[in-house]
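I opened this entry to keep track of what I looked up. My notes follow the structure itself.

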Amino acid sequence: MILIHWVLPGLALLALLGVVFEEITHINKAKVTLFFGTLAWLLLFIYETLEGHQERVQHGLETNISEIATLWLFLVAAMTFVAYLNKKGMIENVIYLFLPKQFSEKNVNSGGVALITGDVTTLMIFLDQRVGIVDLMMLSLPSLLSVLLVAAVLSFGLKEQVKIQGHTTELRKVDLAIAGLFLLTIISTISLNAVFQVPPVLTFLFGLSIMFLIARFFHDDNELDPILEYVRVIEFEALLFFLGILLIVGALKEVEVLNSLVNIYSLSSPMIGNYLMGLLSALIDNVPLTAAVLKSDIDMSQSDWLALTYSVGVGGSLLVIGSAAGIVAMSKISELTFAGYARYSAVLLFAFTLGYFNVYFLGHWLFN
């Protein structure tokens with residue numbers, strides 16, 4: 001066991017380095033994490049079988065795969081909806097509907113950041129039954145305050161006007177029906193889970209099945225535009241990345257390496273520990289960090305888990321490499337560099353800290 005204790009963390013470190021230096025190696029992070037994730041379990045299987053613990057490692061892998069499958073299926077259903085609506089121009093139309101044709105540079109359009117319930121880490125914490133779906137709504141106000149603070153500070157000196165030249169796409173009845181179904185599926189997911197504890201993945205898969213039937217009802221599901229094709233155009237790169245990461249974290253749990261992470265909480269209070277997790281998520285991808293905390297079985301109150309949800313969901317934005325969105329933006333925009341983004345880290349840290357302690361004290365006040 002001593003040898004495997006060193007080998008698996010080494011593989012995890014190599015996977016992390018592969019993600020950080022993707023722009024240098026030109027090897028996709030999904031390929032890197034999937035390789036090291038599967039390799040970790042292969043080595044663990046061989047080692048544990050030789051040690052006479054084959055049943056234990058088999059059970060561990062089955063549990064790990066089950067957790068990943070739940071996350072995957074939810075994301076596949078949600079991303080298929082989005083892929084369809086994006087292809088048909090619905091999302092673009094909604095953006096131009098609410099976005100003014102002209103506004104000053106001081107106005108920051110960041111409404112989506114106010115609700116971080118769309119973040120994968122939030123979904124992971126929820127699926128692990130650490131927080132309720134209604135409780136997550138509490139994160140809206142602190143997140144919005146953080147966004148407004150950053151916008152106010154960064155808007156100093158901006159005086160120019162920005163003009164939006166947009167266009168709308170003609171929508172068909174089937175597109176409107178599926179858009180309405182998507183909204184209804186989201187509302188139903190929240191309602192059914194709050195009242196009957198129905199797992200979100202089940203509700204979203206049901207919504208997806210209705211989407212397929214609606215396309216057939218409107219005679220839109222044909223050889224020229226088969227509805228099932230939209231399952232193939234979703235971001236499988238992101239799904240494979242999550243798969244690799246969660247396999248690595250699952251293997252680390254099996255050899256009890258994650259116990260060292262718990263030491264942060266044993267040496268400090270959950271308030272400080274969760275805050276530090278947010279800071280770490282700026283350096284380490286928040287998906288494996290969140291998975292590691294969940295699999296470490298840390299004993300915290302519901303309000304503390306809510307604070308962690310905010311922390312890892314927002315903390316990655318402190319550095320450009322701390323979030324998938326930041327890494328993608330950096331690869332697309334040559335002017336966006338690590339150093340250039342880091343100039344605003346102090347402002348982002350202040351806003352993150354303010355939002356975190358708002359969540360922490362609000363949660364403790366409501367739950368306790």
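I count a contact when heavy atoms lie within 4.5 Å. The model I am reading is predicted.

Entry one, Thr 121. I looked up its place and found it in helix α6. Is Thr 121 buried or exposed? Thr 121 counts as buried, because its relative accessibility is 0% and the cut-off for buried is under 20%. I then listed its contacts, leaving aside neighbours within four places in sequence: Asn 286, Val 287, Thr 290, Val 312 and Gly 313.

Past the helix I checked Asp 297, which follows α14 and has a positive phi, near 55°.

I asked how many residues the largest nonpolar core has. I found 93, and Leu 8 and Leu 308 have the most contacts inside this core. Helix α4, residues 54–87, gives the largest share of the core, with twelve residues. For Leu 308 I again left aside neighbours within four places in sequence, and I wrote down contacts with Ile 125, Tyr 265, Asn 274, Met 277, Val 293 and Met 300.

Entry four, the surface. I looked up a nonpolar patch of about 540 Å², made by Leu 13, Leu 14, Leu 17, Val 20, Phe 21 and Ile 24. Helix α1, residues 2–20, supplies four residues, the largest share of the patch. Phe 21 sits in the loop between α1 and α2.

I noted 18 helices and two strands. Of the 368 residues in the protein chain, 43% are buried. Among contacts with a separation of 6 or more, 80% join residues 24 or more positions apart. The accessible surface of the chain comes to about 19,700 Å², and 67% of this belongs to carbon and sulfur atoms.

How values were computed
Residues are numbered from 1 along each chain as its sequence is written. This is a predicted model: local features need pLDDT of at least 70, side-chain atom pairs count only at pLDDT 80 or more; totals for chains, interfaces and linings use all residues. Side-chain values use heavy atoms; hydrogens and water are left out. A nonpolar core is a set of buried Ala, Val, Leu, Ile, Met, Phe, Trp, Tyr and Cys residues joined through side-chain atoms within 4.5 Å. Buried means under 20% relative accessible area, exposed over 50%, partly exposed in between (1.4 Å probe, protein chains only). Patches are made of residues with over 30% relative accessible area and no salt bridge: like charges are joined within 9 Å, nonpolar side chains (Val, Leu, Ile, Met, Phe, Trp, Tyr) within 5 Å. Accessible areas come from the Shrake-Rupley method with a 1.4 Å probe; for residues, only the protein chains shown count as cover. A salt bridge is a side-chain nitrogen of Lys or Arg within 4 Å of a carboxyl oxygen of Asp or Glu.
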